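Subject: Structure handover, salt bridges

Hello,

Here is the structure I promised to pass on. My notes on its salt bridges follow below.

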Amino acid sequence: MDGTTVIPLDFRNYNIDEDDKTKNDHFLYMLDKAEERGFKPEFVLFDTWYASVKNLKAVRNKKWYFLTRFKKNRLVNPDNEGNVPLETVDIPLKGLLVHLKAYGFVKVFRIVSKDGDMQHWVTDVQDMDESKREDLAKKSWEIEE
């Protein structure tokens, strides 16, 4: 690999009305399949839809890193004073370490687009900088397209 190529390695069509597995079951299966196939990704990139604590722990247990997005109402503890919605936390451009209940510390970035749309990107790489986050976010969007 040259470090710039983005190739989806697996996918699932999920139909909530007809599927006997949950979206998270599919996510965990794809992680296991990637590991079986010998993949050792630098990062696992996925949508907020899959950002459950169980899935985050599954990535960590494989000794892989993740970058995903959280919804604005996701509860985090930024100052050891208790859990609050992510949207209420003051997050500098360089990102902020916060505690995610039942997981541990993660780094969050808040990105506000020109039209005011807000996204919260989250990683388990505590020293990630904005440049790396931006690079990985672009790759994440390539996968979604």
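The count comes to seven salt bridges, a salt bridge being a side-chain nitrogen of Lys or Arg within 4 Å of a carboxyl oxygen of Asp or Glu. This is a predicted model, in which local features need pLDDT of at least 70, side-chain atom pairs count only at pLDDT 80 or more, and totals for chains, interfaces and linings use all residues. Residues are numbered from 1 along each chain as its sequence is written, and side-chain values use heavy atoms, leaving out hydrogens and water.

Start with Asp 32 and Lys 62. They form a salt bridge, with the closest N and O atoms 2.8 Å apart. Asp 32 sits in helix α1 (residues 23–36), Lys 62 in the loop between α2 (53–61) and β2 (65–70). The two are 30 residues apart, so distant parts of the chain are linked. Helices (H or I, at least four residues) and strands (E, at least two) are DSSP runs, numbered from the N terminus.

Lys 62 also bridges to Glu 35, again at 2.8 Å from N to O. Glu 35 is in helix α1, so this pair ties together parts 27 residues apart in sequence.

How accessible are these residues? Lys 62 is buried at 14% (buried is under 20% relative accessible area, exposed over 50%, partly exposed in between; 1.4 Å probe, protein chains only). Asp 32 is partly exposed at 38%, and Glu 35 is partly exposed at 40%.

Lys 139 and Asp 135 form another bridge, at 3.4 Å. Both lie in helix α3 (residues 130–144), four residues apart, about one turn.

Best wishes
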